[in-house]
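Reader: I'm new to this one. Could you walk me through its pockets and its surface?

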Amino acid sequence: FELLTRWQCKRLSIGVTGFYSFIEEIIKRVPSTYQGLDEVDGKTVYKNTNGDRAIVYGVESNLSVMLMKGIILSGNFTYTYGREFVDNGADDYVSRIPPMYGIVKVRWNLPKTKSAKSYIEGYIKSAGRQNKLSDEDVADVRIPKDGTPDWTTYNIRGGVILKNTYRISCALENLTNEEYKYHASGVYAAGFNVIVTLDAKF
């Protein structure tokens, strides 16, 4: 089930969503064989099977406040927890549950002109350490032995819309060149990078 609450006034908006899920026979990966082999090309063979009962619950919140004309502070935060109840063994965490995650943004909408609208925005993304690992997670080569480390990136972007037709934007991401990856991802995220885009509609 899910519960949502939201409050809004002229300058402030707050929202909180909570959820609680009951899962019967949760799908999980377990070691298996392929043509009698438990490894192929040096990799363990797995198959999907039905597990036992599990619960997954969490909360997501967001906030937006206008600090002054044209300047908006906003952010969101998420937390998720999952637990599997094993009938014939020790209880376990649900696999690949994401860690705490949040983003905080400050946006400045510059004064409009007759032909253009523009903005500048700085934002911070951050994720906590995830060391609540299931047996399946521990065996997953994509997840470090002691769990996925926490990380934080600092970023800035801006853009301009010309005559409601052309949109030009530029983003500088991961300004500190942080080495990080999302939990259970097989690849690390990009280091410092620049993204420039141009859109046009007719």
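Reader: Which residues line the second largest pocket?

Author: Quick note first: this is a predicted model, where local features need pLDDT of at least 70, side-chain atom pairs count only at pLDDT 80 or more, and totals for chains, interfaces and linings use all residues. Residues are numbered from 1 along each chain as its sequence is written, and side-chain values use heavy atoms, with hydrogens and water left out. A pocket here is an open set of points on a 1 Å grid over the protein atoms alone, where a 1.4 Å probe fits, with protein on both sides within 12 Å along at least five of seven lines; lining residues have an atom within 4 Å of a point. By that rule, the lining is Arg29, Lys43, Thr44, Tyr46, Glu136, Ala139, Asp140, Val141 and Arg142.

Reader: Which elements each supply at least two residues of that second largest pocket's lining?

Author: Strands (E, at least two residues) and helices (H or I, at least four) are DSSP runs, numbered from the N terminus. At least two lining residues each come from strand E5 (43-44) and H1.

Reader: Which element gives the largest share of the lining of the largest pocket?

Author: That pocket has 16 lining residues, with Lys28, Arg29, Ser95, Ser134 and Glu136 nearest its centre. Strand E3 (27-31), strand E9 (92-93) and helix H1 (135-139) each supply at least two of the lining residues. The largest share is four residues, and it comes from E3.
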